[in-house]
Each structure stands twice: as structure tokens, then as C-alpha cells.
Protein chains: 2
Amino acid sequence: MRECAEHYSKAGVNAITVWRNVLEGIKLIDARKMLDDNGMQVVSLCRGGFFPSVDKAQRQTAIDDNLLAIEQAAAIGAPLIVLVCGADGRQSLEANREQIKEGIITILPAAKAAGVKLAIEPLHPMYAGDRSAVNTLQQANDMAVAINSPYVGVAADVYHLWWDNHLEEEIKRCGANGHLFAFHICDWKTPTLDFLLDRGLMGEGCINVPQIRGWIEETGFAGFNEVEIFSSIYWQQDQQAFLQKVIDAYLHHS
Amino acid sequence: MRECAEHYSKAGVNAITVWRNVLEGIKLIDARKMLDDNGMQVVSLCRGGFFPSVDKAQRQTAIDDNLLAIEQAAAIGAPLIVLVCGADGRQSLEANREQIKEGIITILPAAKAAGVKLAIEPLHPMYAGDRSAVNTLQQANDMAVAINSPYVGVAADVYHLWWDNHLEEEIKRCGANGHLFAFHICDWKTPTLDFLLDRGLMGEGCINVPQIRGWIEETGFAGFNEVEIFSSIYWQQDQQAFLQKVIDAYLHHS
């Protein structure tokens with residue numbers, strides 16, 4: 001946490017989404033101080049969600065964990081939690097989607113009370129069986145519209161959405177509804193070697209990031225362009241050099 | 001080829017889709033005889049397609065190869081070619097889709113003359129960068145409608161389409177238009193370990209195959225339910241035992 005805050009800040013990157021695993025073992029007040037001392041703005045806390053399960057007790061465990069995430073977000077000054085909504089392959093997509101909606105509605109009062117927004121992040125269809133039954137921006141928009149709260153919106157990640165021929169219209173739609181809360185970028189490599197950890201730097205793959213960013217900005221979105229590159233390849237490299245590669249890719253290919 | 005024809009036939013499986021790689025090194029007339037001698041009906045030839053490329057010469061090579069596939073299909077008695085449409089990650093999805101459409105229109109006269117139909121198979125969005133820029137049944141239907149020929153339709157594979165919340169309506173749509181040409185089944189395992197070769201037997205994963213088959217049959221589709229399980233795990237096993245597993249899965253989970 002301290003390493004990220006210091007090095008990002010020195011490199012001119014003044015905002016960060018905090019993953020909950022890096023909060024383990026440190027006091028939230030200390031985490032906030034590390035961020036504040038380095039002038040880091042917190043974009044969001046990642047991640048809440050994983051609501052669905054065929055097991056009712058497991059669904060309650062998920063609710064409890066999301067309530068904890070809301071407390072953590074408030075404590076470190078994160079105005080937003082990104083929701084990786086979840087999916088249980090033992091039940092239908094419809095049941096999963098209903099339980100996601102129910103989960104969000106259940107935690108919404110606590111989110112409101114804490115002043116923390118919730119972003120439904122549609123995940124690539126290759127995760128529909130285990131990570132999220134919300135797989136298109138249309139579905140995420142539909143769910144946000146159905147819940148109808150200024151505290152519930154969407155997070156748009158090019159990695160998950162780039163292939164969708166309805167992407168431009170759905171970005172416009174969530175912009176018009178005022179529920180576009182976050183924008184994540186990276187690239188899709190061909191071939192991709194791992195389902196989770198082989199994302200590319202912008203410019204390395206086949207996603208037209210500048211085009212999608214253009215659609216995002218046309219909505220009036222004034223938030224950060226968040227680079228999110230899960231990569232066992234890059235994570236094995238020197239992380240200072242990787243940070244510089246991220247910055248270069250951001251400046252030249254997004 | 002002979003092994004498949006004999007063993008499938010003995011097991012009571014009387015129809016097959018022939019992959020072009022198994023035709024290599026044998027005369028088409030001999031291939032047809034192997035099939036006929038075992039009472040095997042040919043459902044389709046797999047596969048044509050791979051139309052798009054930034055390189056014009058490569059696009060012509062693809063056209064030539066598809067024309068050869070039409071000859072092969074006619075020679076072995078296949079009434080249909082399944083098209084894995086292709087994608088070149090170096091150009092936009094729109095350009096890829098336009099080149100796919102152009103490619104199909106270019107080979108259509110030869111297909112008609114040979115009495116061979118062409119099925120656009122939408123592939124899972126995880127293949128949008130390299131194998132197919134047609135990634136939903138809606139897109140495949142739109143393309144078939146735009147081309148508007150009784151020789152051009154779609155192939156619906158549960159593996160590629162199961163996650164899509166518009167699947168039922170798009171199956172109805174292609175049924176109503178009379179261009180539902182093929183139906184492929186298998187299952188999506190969680191976790192899936194490989195982008196290509198880790199499909200599951202029906203019942204092993206999270207796809208509701210009976211539900212989707214129900215939608216297919218409601219359209220009046222009277223073709224075969226084709227089991228298509230690319231799996232490095234199963235392919236390493238005894239293939240007679242695997243054939244029996246396929247039959248059992250088909251009878252109990254589809």
C-alpha cells in the first residue's frame with residue numbers, strides 16, 4: 001500500500017483504486033494516512049459483490065462482507081465500491097441475476113448512510129459461470145435503472161465490453177442516466193493465455209481504447225481513466241519499470 | 001475417418017459433421033464411401049470462414065479456400081458448411097464484420113450452384129480478437145437477414161451463446177426466418193482451463209442445455225443435436241469410452 005502510494009505519486013499518478021487485500025493487516029486509519037501523505041485520491045474500493053449462491057447462508061455471508069467493504073470504503077475515503085457481482089454455476093443465470101439485484105438492494109441503505117456509491121461492473125461473458133452473471137453493459141444499465149438510486153451505477157471496463165456491438169449506445173445510455181461511475185482500461189491480447197492474468201498494456205492488443213474513451217468522454221464523464229492490468233507476465237517484472245510502461249501506454253495508446 | 005464412421009455407426013450415432021483436417025490425405029470419393037458404407041449421414045462440413053484480414057491477398061486466399069470447401073462438401077454429401085467467420089485483431093470489429101459479409105456474398109454463387117448451404121456460427125466473445133468478430137446470435141441473424149438468401153443461415157452452439165440474455169428471442173427469430181441450420185451442444189465448465197480445448201460433457205457444467213434445446217425445438221428445427229466437445233482431457237482418454245460417455249451425457253443431460 002505504501003509502495004503504491006509513494007511510487008504512483010512520484011510518477012505523477014495521483015489517484016488509485018484500492019484492492020481490499022492490500023488493506024489486510026494494516027489499520028484503515030494508517031492506510032488513509034499513507035494515501036493522504038502522498039496526495040493520493042481514492043477512486044474506488046475494489047471489490048464488493050459476489051452475491052449469488054444456491055446456499056442462503058453463503059448469500060448472507062456475502063451481504064455481511066459487502067457491509068464491511070462499505071465501512072472500509074468510508075474509512076479510507078473511497079467514494080465508490082466496484083462490484084464484481086458473482087455467479088454460482090449451480091443455478092440459472094436468471095437466479096444469479098435476481099440474487100445480485102437483491103444483494104445490491106440489501107446493502108444500499110448502508111451505502112447511502114456511508115456516502116459510498118456502488119458500481120455494477122459487467123464482466124466478460126467468459127466469466128458468466130463463476131464471477132459475474134452480469135455480462136454486458138446493457139444488463140448492468142438495466143439493473144441500475146431498475147434499482148433507481150443515485151448511489152447505484154456502473155463501471156465500464158474495456159476488457160469486458162470491447163467486443164459488444166451495442167457498446168456505444170449503452171455508454172451513451174448510462175451517461176444520460178447519470179450512472180456511469182468508473183472507466184477502466186487495458187488491452188485484449190491475441191492470443192490470450194490465461195482467463196484472468198494475461199491482460200495487455202494499451203496498444204498491445206486489439207481494443208480500440210481511444211474510440212471507447214471518446215464515447216465515455218462524450219457523455220460528460222469527468223472521472224479517472226483507470227489502468228487495470230492483471231498480468232502474471234508483468235507482475236513478475238520490475239514494478240517500477242512496469243509503472244513506467246503503464247504511463248507510456250496510457251499517454252500513447254489510450 | 002473410417003474409425004469415426006465405423007464406431008459411431010455401431011454405437012447408434014448415424015450422423016456426423018466432418019472436419020476438413022480428416023479429409024487430408026484421402027480421396028473425397030473414398031471418404032464418401034466410408035460414410036455411406038456405415039450408413040452415416042453427413043450433417044455438415046466444418047469449417048469454412050476466416051474471411052477477414054488486413055491483407056487483401058490473404059482475403060483472396062480465404063475465398064479460394066472456402067470455394068474448395070464447397071467442392072469438398074458437395075463431394076462428400078454435406079448439405080452445409082459451418083463458417084467460423086474469422087477476425088483480424090489488427091483492424092476494427094466493424095471492418096472484420098464487413099469483410100465477413102463480403103466473403104460470404106462472394107462465395108454464395110458457388111454454394112448455390114453446389115447445393116451447399118452456409119451457416120454463420122457466432123463464436124463466444126472471448127474469440128472476438130482472432131477467431132470470429134460475429135459473437136452473438138443477434139449479429140449472426142442480422143448478417144443472415146442482410147444477405148437474404150435461403151443458402152445462408154446460422155449455426156447455434158450452446159458453448160458460445162449460453163450466457164446471452166437475448167438468446168431465447170434470437171433463437172425464435174432465426175427459427176421464424178427459416179435460417180436456423182445447425183445446433184451444437186456441450187457444456188461450459190467452471191473453471192475452464194483452456195480457451196479452446198476444455199469443453200465439458202453435457203451435465204458437467206453450467207449450461208442449461210435442455211432449456212436451450214427446448215427453445216430450438218420450439219422453432220420447428222428438425223435437424224440433429226450435434227455434440228461437439230473439444231477437450232484435451234477427453235481426447236487423451238480411450239476414445240471408445242469417451243464415445244460412450246458422450247452418448248450417456250446426451251441421453252441424460254440434454
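On a 1 Å grid over the protein atoms alone, a cavity is a set of points where a 1.4 Å probe fits but cannot get out, and a residue lines the cavity if it has an atom within 4 Å of a point. Grid points are joined across faces, edges and corners, and a volume is the space filled by probe spheres set on the points. By this rule there is one cavity of 30 Å³ or more.

The model is predicted: local features need pLDDT of at least 70, side-chain atom pairs count only at pLDDT 80 or more, and totals for chains, interfaces and linings use all residues. Residues are numbered from 1 along each chain as its sequence is written, chains are lettered from A and ligands numbered from 1 in the order in which they are written, and side-chain values use heavy atoms, with hydrogens and water left out.

The volume of the largest cavity is about 130 Å³. Its lining draws on both chains: Thr136(A), Gln138(A), Trp163(A), Asp164(A), Asn165(A) and His166(A) take part, as do Thr136(B), Gln138(B), Trp163(B), Asp164(B), Asn165(B) and His166(B).

The relation between the chains comes next.

Within each chain, the description rests on helices (H or I, at least four residues) and strands (E, at least two), which are DSSP runs numbered from the N terminus. Two strands pair if DSSP finds at least two bridges between them. In chain A, seven strands make an open sheet with parallel pairing, in the order β1-β2-β3-β4-β5-β6-β7. Its edge strands, β1 (15-19) and β7 (225-227) of chain A, each pair on one side only. From one strand to the next, the twist averages 30°; axes are lines fitted to C-alpha atoms, for helices over the stretch in contact, and angles run from 0 to 180 degrees between N-to-C directions. β1(A) and β2(A) run parallel and are joined by five bridges, with Ala15(A) opposite Gln41(A) of β2(A). Helix α5 (residues 137-147) of chain A lies across β4 (117-120) and β5 (152-157) of chain A, at about 170° to β5(A).

Strand β2 (residues 41-49) of chain A also holds Arg47(A), and the peptide bond from Cys46(A) to Arg47(A) is cis, with omega near 10°. In the loop between β2 and α3 (56-76) of chain A lies Phe50(A), which is not a glycine and yet has a positive phi of about 50°.

Chain B has an open sheet of seven strands in the order β1-β2-β3-β4-β5-β6-β7, and the pairing is parallel. Five bridges link β1(B) in the parallel sense to strand β2 (residues 41-49) of chain B, where Leu45(B) stands opposite Val18(B). Helix α3 (residues 56-76) of chain B packs on this sheet and touches β1, β2 and β3 (80-84) of chain B, its direction making about 175° with that of β2(B). Helix α5 (residues 137-147) of chain B also packs on the sheet, touching β4 (117-120) and β5 (152-157) of chain B, at about 170° to the direction of β5(B). Arg47(B) belongs to strand β2 of chain B, and a cis peptide bond with omega of about 10° joins Cys46(B) and Arg47(B).

Methods
1 Å grid on protein atoms, 1.4 Å probe; cavity = no way out; pocket = protein on both sides within 12 Å on 5 of 7 lines; lining within 4 Å. Contact = heavy atoms within 4.5 Å.
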